[in-house]
Amino acid sequence: MTPVLSLQGSATPPNCLPEGKLIVLTGPSGVGKGTLVRALLERHPELYFSVSVTTRAPRPGEIHGKQYYFVSRSEFQQMIEQNKLLEWAEFAGNYYGTPRDTVLEQISKGKCVLLEIELEGARQICQSYPEAKRIFIMPPSLAELEHRLRGRGQDSPDAIARRLQRAKDEISAADEFDIQIVNDDFETALDAITSTVFSFCGNASK
Ligand SMILES: Nc1nc2c(ncn2[C@@H]2O[C@H](COP(=O)(O)OP(=O)(O)O)[C@@H](O)[C@H]2O)c(=O)[nH]1
Ligand SMILES: Nc1ncnc2c1ncn2[C@@H]1O[C@H](COP(=O)(O)OP(=O)(O)O)[C@@H](O)[C@H]1O
């Protein structure tokens, strides 16, 4: 298939976030980011979770506008050309990006905004918004990561293999992040994320 996207997400010059706060949560696929974020939002609905755009096909039960905005590759390319994405990257054969306007609007309203994105996108955010807080979620081991990916039962063997291959590079970049949290015991990891978010956001999370 001919790739429709030839450019990686472009880094914009550093901007400032005058009102709210931006938090980036990254970690290998299957580590438990989605589960942790859902639990965090249940406890703290005042946080704003940015719903990403993707060219990946919806998994059973995923709803357009809830887990992701599901778009075609040409729609995604158009969004890049129209500068509608704050960052974007390719991951395991699909494209993922953060809608620019909604995120900036929420920040300007003073909200604490949470992005759950992969490594390349997190790096772009770091360049554009150096004051964002970046959290890396670590698995207890690669074997446990594989166990969780298989146990989730959502991806084909090929998609799982791509995710595990990528996981090694992502884990080796963990020290680029402000804080690393191991998701071994779920409640312990959730408490660590919650206190990191709230000590960083302060009033922006109220
Ligand atoms: N750069 C970037 N990555 C994203 C975005 N949304 C999701 N991702 C990441 O894309 C990767 C794949 O996501 P997904 O297909 O939902 O698989 P899963 O993480 O295994 O459930 C994960 O690492 C997500 O954190 C985004 O807007 N931008
Ligand atoms: N602390 C944990 N211990 C054991 N299993 C976990 C833990 N956290 C999440 N999981 C499970 O791991 C699988 C992958 O979690 P998910 O949130 O989909 O990961 P990600 O969003 O990082 O790809 C899910 O089946 C989830 O229930």
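Modeller: This is a predicted model. To start with one pair in it, Leu22 has Val113 of β7 as its bridge partner.

Colleague: Which strands do those bridges join, and how many are there?
Modeller: Strand β1, residues 21–26, is joined to strand β7, residues 112–116, by 5 bridges, and the two run parallel.

Colleague: What packs on the sheet there?
Modeller: Helix α1, residues 33–43, packs on the sheet and touches β1, β2, β7 and β8. The direction of α1 makes about 160° with that of β7. Helix α3, residues 100–108, also packs on the sheet, touching β1, β2 and β7. For α3 the angle with the direction of β7 is about 150°.

Colleague: What is the strand order in the sheet?
Modeller: The order is β2-β7-β1-β8-β9, an open sheet of 5 strands with parallel pairing.

Colleague: Which strands stand at the edges, and why is one side of each left without a neighbour?
Modeller: β2 (48–49) and β9 (179–182) do; each has a single partner strand, so one side of each has no neighbour in the sheet.

Colleague: Switching to the ligands. Which residues come nearest to ligand 1?
Modeller: Ser29, Arg56, Tyr68, Tyr96 and Glu116 come nearest, out of 18 residues around ligand 1.

Colleague: Which polar side-chain atoms lie by its oxygen atoms?
Modeller: Glu116 has one 2.6 Å from an oxygen atom of ligand 1. For Arg152 the distance to a ligand 1 oxygen is 2.7 Å, and for Arg163 it is 2.9 Å.

Colleague: How much of ligand 1 does the protein bury?
Modeller: 96% of the 580 Å² that ligand 1 exposes when taken alone.

Colleague: And which residues are closest to ligand 2?
Modeller: Gly30, Lys33, Gly34, Thr35 and Arg152 are the closest of the 13 residues that surround ligand 2. An N or O atom in the Thr35 side chain is 2.5 Å from an oxygen atom of ligand 2. Arg148 has a side-chain N or O atom 3.2 Å from a nitrogen atom of ligand 2. A polar side-chain atom of Arg152 lies 2.8 Å from an oxygen atom of ligand 2. Taken alone, ligand 2 exposes 570 Å², and the protein buries 74% of that.

Colleague: Last topic, α5 and α6. How do their axes cross?
Modeller: The axes of α5 (residues 142–152) and α6 (residues 157–172) cross at roughly 145° and come within 11 Å. The crossing of α5 past α6 is right-handed. Residues making the contact include Leu145, Leu149 and Arg152 of α5 and Ile160, Arg163 and Leu164 of α6.

Methods
Residues are numbered from 1 along each chain as its sequence is written. Chains are lettered from A and ligands numbered from 1 in the order in which they are written. This is a predicted model: local features need pLDDT of at least 70, side-chain atom pairs count only at pLDDT 80 or more; totals for chains, interfaces and linings use all residues. Side-chain values use heavy atoms; hydrogens and water are left out. Two strands pair if DSSP finds at least two bridges between them. Helices (H or I, at least four residues) and strands (E, at least two) are DSSP runs, numbered from the N terminus. Contact means heavy atoms within 4.5 Å. Axes are lines fitted to C-alpha atoms, for helices over the stretch in contact, and angles run from 0 to 180 degrees between N-to-C directions. A residue is near a molecule or strand if one of its heavy atoms lies within 4 Å of it. A polar contact is a pair of N or O atoms within 3.5 Å; within protein, one must be able to donate a hydrogen and the other to accept it, and residues adjacent in sequence count only if both atoms are side-chain atoms. Accessible areas come from the Shrake-Rupley method with a 1.4 Å probe; for residues, only the protein chains shown count as cover. A crossing is left-handed if the near helix is turned anticlockwise from the far one by less than a right angle, and right-handed if clockwise.
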